[in-house]
Amino acid sequence: MTVNTWQSLGAAKRQSILDAIPPKWRIQEPIPPPAELRDVTGPYIQQFLKAREIEITETDAVGIVDKTTTGNWTAVEVTEAFCHRAALAHQLVSCLHEIFFDSAIEDAKRLDAYFAEHKKPIGPLHGLPVSLKDQFHIKGVETTMGYVGWIGTFQGIKNDPRRAVFESELARELRALGAVLYCKTSVPTTLMCGETINGIIQYTFNPRNRLLSSGGSSGGEGALIALRGSPAGIGSDIGGSVRSPSGFNGLFGIRPSAGRIPYEGAANSMDGQSTILSVLGPLATTAQSVKLLFKAILSQQPWFHDPLVLEIPWRDDIERETQALIEQSRTGSSKLSFAIIRHNKQVQPDPPIARAMGMVESTLKRLGHRVIEWNPPSHDVADEIAAKAYGFDGGADITHHLGLSGESLAPQVIVTQGKPQMNAQEVAAVNVQKREYQKLYMEYWNSTAELTGTGRPVDGVLCPVAVHAAAIPGKYGTVGYTTFVNVLDYTTVVIPVTHVDKRVDVVPENMEVLNDIDKANQDEYDAGIYDGAPVGLQLIGRRLQEEKMLTLADYIGAEVEKDQK
């Protein structure tokens with residue numbers, strides 16, 4: 001009798017994903033290796049598409065629904081175009097876990113039939129293809145979350161009646177809004193990783209520079225959207241998992257505060273750990289597209305279907321107030337102010353990140369906004385809290401699910417197996433430590449009203465997403481630039497800024513060295529390897545400030561782009 005190893009099971013699943021791509025959409029000629037062709041976005045992927053498909057797939061989500069909700073474009077033609085481009089994207093960078101194009105096209109046909117009969121769309125996302133990270137359960141589709149041991153099961157449970165029948169709450173809401181679900185994107189095993197690597201698809205590379213990572217854990221989403229194989233998608237974030245793929249792939253993405261977007265029915269690692277909650281957030285090519293998805297989801301009143309969602313509809317008044325502050329600044333009397341985290345006193349960001357920070361700072365000052373330095377309570381404390389929370393169970397959950405197949409754990413995963421589990425008293429102590437830290441940070445933010453000159457605390461904090469632009473596989477640096485936000489539960493939006501330029505982004509002579517880790521990071525930096533990689537930054541707001549931060553991100557992103565022309 002032949003015994004299947006986890007490697008062979010993973011390889012079989014990997015092949016089944018490729019087999020789900022229609023023959024007409026398979027790339028026949030050999031794809032040049034990354035050393036010969038780094039960037040497979042733009043002209044490279046366009047060569048496999050018709051002009052009409054390029055027009056559709058390079059329109060942002062807002063532009064698409066403008067067409068589909070008015071009957072100018074059919075849901076079928078839009079869905080087919082994105083299915084084709086997603087199929088190409090997967091062959092280029094391995095970004096998909098599940099492909100269900102046939103059922104998506106059938107759903108699109110039903111949407112077109114509804115429009116033809118009623119002369120109106122089903123909802124605000126009528127005919128919009130939306131990709132989902134492979135944490136979401138969708139009827140008729142498997143969920144592996146990168147675990148080989150989950151293949152053929154429901155979250156590792158064999159013969160569970162929920163398999164391929166149960167659907168996550170967010171998937172249900174997206175369908176009700178008129179969205180078309182057509183693929184699920186790759187994630188790292190365990191989700192607790194800044195790169196996307198698992199025993200099924202192996203590794204998801206960065207489309208703009210295939211020598212680098214697409215980030216994690218929503219790396220498949222980031223890569224797919226960067227290749228325009230999706231106009232918008234949903235990722236999750238417990239330590240940077242929406243933000244690093246957004247920053248690494250040149251996208252907008254939001255890490256909202258807990259309780260705004262429904263998580264009900266989605267698979268997760270360490271389910272039940274609630275000291276630092278994982279949250280869901282959209283990624284897209286424009287801030288307006290992120291807002292479109294966010295606002296649409298809230299219109300479904302998810303607080304009636306997920307007990308952890310707060311009853312906070314989209315607040316138009318906050319959006320208007322923020323826009324009024326922006327308009328006032330155009331008259332030369334700005335009431336907006338921002339702060340900058342140049343580095344976290346642990347590891348300094350690489351030259352392209354520092355340059356991007358300078359670019360945004362210059363734009364803010366040009367616009368008349370006050371910019372101050374950010375000197376909050378130490379982020380070392382936040383990192384300590386996060387490490388404890390991620391290790392409450394001593395790695396038992398991860399060990400169990402890896403053990404279903406016997407698969408190996410990628411060295412990039414940040415959760416360690418075999419540690420002692422914490423007892424209730426120890427968990428309570430961590431929760432107290434977190435609350436006290438949140439209070440200190442809150443009061444520090446309040447205190448900045450004395451420094452801004454506006455009479456109000458800073459409106460947002462500019463911060464790197466990571467020490468590097470994307471990451472060399474196996475070399476993802478500290479998560480210290482993202483995890484503190486999860487501890488604080490602050491709203492954060494990633495803004496794309498620029499790309500690495502090897503001629504400009506060199507290490508300055510006599511650069512300060514903070515410690516041995518900082519020195520090692522400086523020594524590893526190679527402008528030639530990173531050349532062409534996108535560079536994005538975080539704009540951090542206070543808790544539950546999604547409307548404000550999306551409005552500011554849209555404004556700042558447009559002004560930064562204007563300054564580069």
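Which residue forms a salt bridge with Glu167, and how far apart are the closest N and O atoms?

1. The partner is Arg175, and the closest N and O atoms of the pair are 3.0 Å apart. This is a predicted model. Glu167 has 15% relative accessibility. The cut-off for buried is under 20%, so Glu167 counts as buried.

2. Arg175 also forms a salt bridge with Asp107. Here the closest N and O atoms are 3.1 Å apart. The pair links distant parts of the chain, 68 residues apart. Arg175 sits in helix H7 (residues 169–176), and Asp107 sits in helix H6 (residues 101–118).

3. Asp107 counts as buried, at 19% relative accessibility. Arg175 has 29% relative accessibility and counts as partly exposed. That value lies between the 20% and 50% cut-offs, hence the label.

4. Arg342 forms a salt bridge with Glu373, with the closest N and O atoms 2.8 Å apart.

5. Salt bridges join Glu327, Arg330, Arg366, Glu559, Lys562 and Asp563 into one network.

6. As for the total, a search of the whole structure finds 38 salt bridges. Among them are Glu167 with Arg175, Arg175 with Asp107 and Arg342 with Glu373.

Notes
Residues numbered from 1 in each chain as written. Predicted model: local features only at pLDDT ≥ 70, side-chain atom pairs only at ≥ 80, totals over all residues. Heavy atoms only, no water. Salt bridge = Lys/Arg side-chain N within 4 Å of Asp/Glu carboxyl O. Helix = DSSP H or I, 4+ residues; strand = E, 2+ residues; numbered from the N terminus. Buried < 20%, exposed > 50% of the residue type's maximum accessible area, 1.4 Å probe, protein only.
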